[in-house]
Amino acid sequence: MAILQKGESDIVAVNTEGAESREAHEASKISPHESEQNEVVVVQTPGGMKRCGGQGDILSGGVGAFLAWAKCYESGAFGDKTIPVSRMPILAAVGASMVTRTTSRLAFEKEGRSVVTQDMLKEIGGAFAEVFGSAHQGAGKL
């Protein structure tokens, strides 16, 4: 399980301690041979200077997209299988946090205090390219 708390700095926490039962391991995708995880990541990627309604929707949509890509990775659609599937929730939360915070900053730089969520939507592609590199943007488009 991973928990993402948004704020001045976003906090992502994972704790699988006590996941000893077979069902718990299967649900969290943790191999019985893999050690338990207790980890906290603080995401301090600079964001915009204004919070607007709907920013959490962009964040949760980003987490959902990253988790969908993780499921594709797990099924072998791409990747080299070097990342344990149990790491996917924390990676999805951190990635979505970084992209959302960057999106907010880019929109704020253009719109200032009048920024609204719709302004942020236009910046998601550029934010993704800034965080992960333009080579991962797809089809050479920003």
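Predicted model: local features only at pLDDT ≥ 70, side-chain atom pairs only at ≥ 80, totals over all residues.

Trainee: OK, so how many salt bridges does a search of the whole structure find?
Mentor: The search finds seven. One of them joins aspartate 10 to arginine 101, with 3.2 Å between the closest N and O atoms.

Trainee: Which parts does that pair tie together?
Mentor: Aspartate 10 belongs to strand S2 (residues 10-15) and arginine 101 to helix H3 (residues 88-111), so the bridge ties together parts that are 91 residues apart in sequence.

Trainee: And are aspartate 10 and arginine 101 buried or exposed?
Mentor: Both aspartate 10 and arginine 101 are buried.

Trainee: What about glutamate 39, which side chain does it meet in a salt bridge?
Mentor: Glutamate 39 meets arginine 87, at 2.6 Å from N to O. This pair also links distant parts of the chain, since glutamate 39 is in strand S3 (residues 38-43) while arginine 87 is in the loop between helix H2 (55-74) and H3, 48 residues apart.

Trainee: Why does glutamate 39 count as partly exposed?
Mentor: Because its relative accessibility is 26%; arginine 87 counts as partly exposed too, at 23%.

Trainee: Switching to helix H2, where do glutamate 74 and lysine 71 lie?
Mentor: Both lie in helix H2, three residues apart, which is about one turn of the helix, and they form a salt bridge whose closest N and O atoms are 3.4 Å apart.

Trainee: Which residues are linked in a network?
Mentor: Arg105, Glu109 and Glu130 are linked by a network of salt bridges.

Notes: Residues numbered from 1 in each chain as written. Heavy atoms only, no water. Salt bridge = Lys/Arg side-chain N within 4 Å of Asp/Glu carboxyl O. Helix = DSSP H or I, 4+ residues; strand = E, 2+ residues; numbered from the N terminus. Buried < 20%, exposed > 50% of the residue type's maximum accessible area, 1.4 Å probe, protein only.
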